[in-house]
Each structure stands twice: as C-alpha cells, then as structure tokens.
Amino acid sequence: MDLTQFRPLDDKLLVEYIKATPALSSLLGNQFDDLTIKEVGDGNLNYVYIVLGAAGSFVVKQALPYIRCIGESWPMTKERAYFEARTLKEHGGLCPEHVPEVYHFDVNMSLIAMRYLKPPHIILRKGLIAGIEYPLLAEHISEYMAKTLFKTSLLYHSTTEHRKAVAEFCGNVELCRLTEQVVFSDPYKISEYNRWTSPYLDQEAEAVREDNLLKLEVAELKSMFCERAQALIHGDLHTGSVMVTNDSTQVIDPEFAFYGPMGFDIGAFIGNLILAFFAQDGHADQENDRQLYKQWILKTIEDTWNLFQNKFIKLWNESKNGEAYLEEIYNKPELRNLVQEKYMTDLLHDTLGFGAAKMIRRIVGVAHVEDFESIQDNAKRAECERRALGLAKELLKKRREFKSISQVVAAIKEVAH
C-alpha cells in the first residue's frame, strides 16, 4: 500500500500497514499469523484498533477527515493526530507514569500507535457508572495535572520557550473551534445538533438560552479559552479520556491539546465527576442505593483539587526557572505566599467556571455522557440531569464566591437533597 497517501484503514489494510512499518512489525516479533485486530473506537472522532499478537500488542488510532459520529457532512482536519502525538510525547515526558508511550506516528496517515492498556483497564466513565471505587484516582490524576500544567507554564518556562510552544500549538485551530462551538456557543442558542431529554427538560433548555447573566459569564470563559495561553492543556480531560484499574490511571486522547487556560482541564475532570455524582440515583437499585458511592465521588472531587493544589505549589517552590514571577522581585516569603494564594484562588474559580460550562453542554448540547444516557427511565434521567444543570448554573454564575473545594462539595450536597 502507498504509505505516502492518506487512506482510512480497515482490518486488512492495517495488517499490510504493520508489515510495511518496522517500528510496528518488530513489536509483534514479525509474527502475523495469529494477529487479533479489534476496532473499539466508541468516541466521536476516530478509528481505534487494538492489535494483539503472540509476541506483543499496541493500539492504533487514526484520525478521519470528518466527525465520525456525524459523518462527512461535518468535516474535521485530520492534522489533529499530529497534535495528539506531540502532546502524548510532551505530557508523557513530564508524567510517564500516567501517559501511555507512543511507539510510532505517521503524519501522512494521521496515525498514532501507542501502548495498549491491557485489561482490567477500563474507561473511567464506565467504572463510575458501574459504581467501582478507585482508591488512587485522586492521587494519580492530581499528579498528572500538576506536572503537565505546571511544567508547560511560565511558572516553569522562559517567555521565549513559552511563545515558541504556543505558536506551534496554535495550529490546532479546528479542534479549538469545535470546543468553542459546542461548549461556549451551541447550548446558549437554537442549534440543530443540540438535544436534551425532551419533553422533561424543554423548559430548562429554554431557560439556559434565555439567561442573560449565564451568557455574560460564558462569554468571559470563551474569551479566556481563546486568549489565555497558560499551559499545554489536554483540552478534553473528561472521564472518558482516562483509563483506570485499582492501581493504574492513564490519560489518553489529547487531540484537543493547545496552550490554553489550566482551569479548562481541571474543570473538565471535576465537572465530569459531578455529572457522575448526579447520575448515581439513576443507577441505584434495591441491592445498592449508591449512597456510599456518592460519598466516595464527593471525597474524590475534594481530594483531586486539594492534592493538585499541594503538588502544584510544591513544584512551584522547587522551581527556579520560570519567568512569570522573577526571583529577584518576588523574593520575600510573604510575597511569594500572597502570589501563590491569589494564583490558586483564581485557578479554582476558572476550574469551576469551565467545569460548569462542560456540565451544561453535556445536558443540553450536542454530545451527551453515558452516565446519564444509560439511565433507561427518561423521567428518572431527566431528574438527575435537572439537578446537575441547576448546580452547573449556580457554579458558573457564582464561581468567584467559592473560597475552597469543600464549599463546592457543600453546594453539591445541597442541590442533591
């Protein structure tokens, strides 16, 4: 096959491709007789193949030139594969224990081959729906976020390094535009792709479209998303982009990566945990009322932020390179403490704003979450979604009033009762 031209792969073509690519054929010990290939791309954008052989295994991900879940009527640049591979390598270098290794990248075929995360790894979202506790989740994800966000920011970089990196990632413009549309625009107007649990949430969807204060706040978040090149963010860090076992947490799918506001990543993760919390009542049954599990989710939300904050500040205190706060100026301990306190308070507010915007779009926008969608009873699902939406609107509008994550957890509990 011609490896210089893009073509979508199927099982047969993939085998030919592997045979013609030494970096991949060697991973399988050049044995092709007993290969098992399974397409598992349940996402909205790409083909994903698991390749298993007697001598080795890997995952192949290929970006298509359109949005898979909608079809060729919504074109999408396949160049996003470059930014995904670039970010996996960059974040993997900063936090190798929580990012799968990249074995091969082919720019012409928009194809990445990376480490296969073997069972019992599952997508975190599925684990949350099943009610499984992951004792190390907050520890691991906070480590990933602290290292990747801190070490790609001006707290660690010189302004020269930073601008060069920002310029490169400005190329991922189409995926940023997709986020701008589906997170910050579509839910607040009539849009052909919007949907919600109708007729139960018709009034709630209309209320979002008519809420002036909400629109003012969302405009501010959109500006920050477009203008604030704070760190190399994953750009889509929801619970579907994390694979877990009891003792492993791996972050995948950073194709939306660019230099943006840190709070967008932290907010995506925490916002999706809040959605999982509100979905639990829809998954409760006579054997398990999910009350204890809901407590575990709330503890995970609180631990994730608190651990992140501690680790981030520790990295900051250890670092001497960053040019955001020059040592010669911020040379007194009390001044450093003031700066760090303000930085983390602002970051908490950004996190809550972006997290809330992500929650809203998952309830009245285009792409929904399985946490709610897997609740069969429409009325029950709508009730779970209504509470989540109510909390999201409150967080978005009043985010600057929260001083700590424990106050956020208290607000979640209040809406839940």
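Pro199 sits in the loop that runs between helix H7 (173-184) and helix H8 (202-210), where helices (H or I) are DSSP runs of at least four residues and strands (E) of at least two, numbered from the N terminus. The model is predicted, so local features need pLDDT of at least 70 and side-chain atom pairs count only at pLDDT 80 or more, while totals for chains, interfaces and linings use all residues. Residues are numbered from 1 along each chain as its sequence is written, and side-chain values use heavy atoms, with hydrogens and water left out.

A cis bond also links Pro119 to Pro120, here with omega near 10°. Pro120 belongs to the loop between strand S7 (111-114) and strand S8 (122-123).

Turning to backbone angles, Arg290 is not a glycine, yet its phi is positive, at about 65°. Arg290 lies in the loop between helix H10 (262-283) and helix H11 (291-318) and is buried, with a relative accessible area of 9% (buried means under 20%, exposed over 50% and partly exposed in between, with a 1.4 Å probe and protein chains only).
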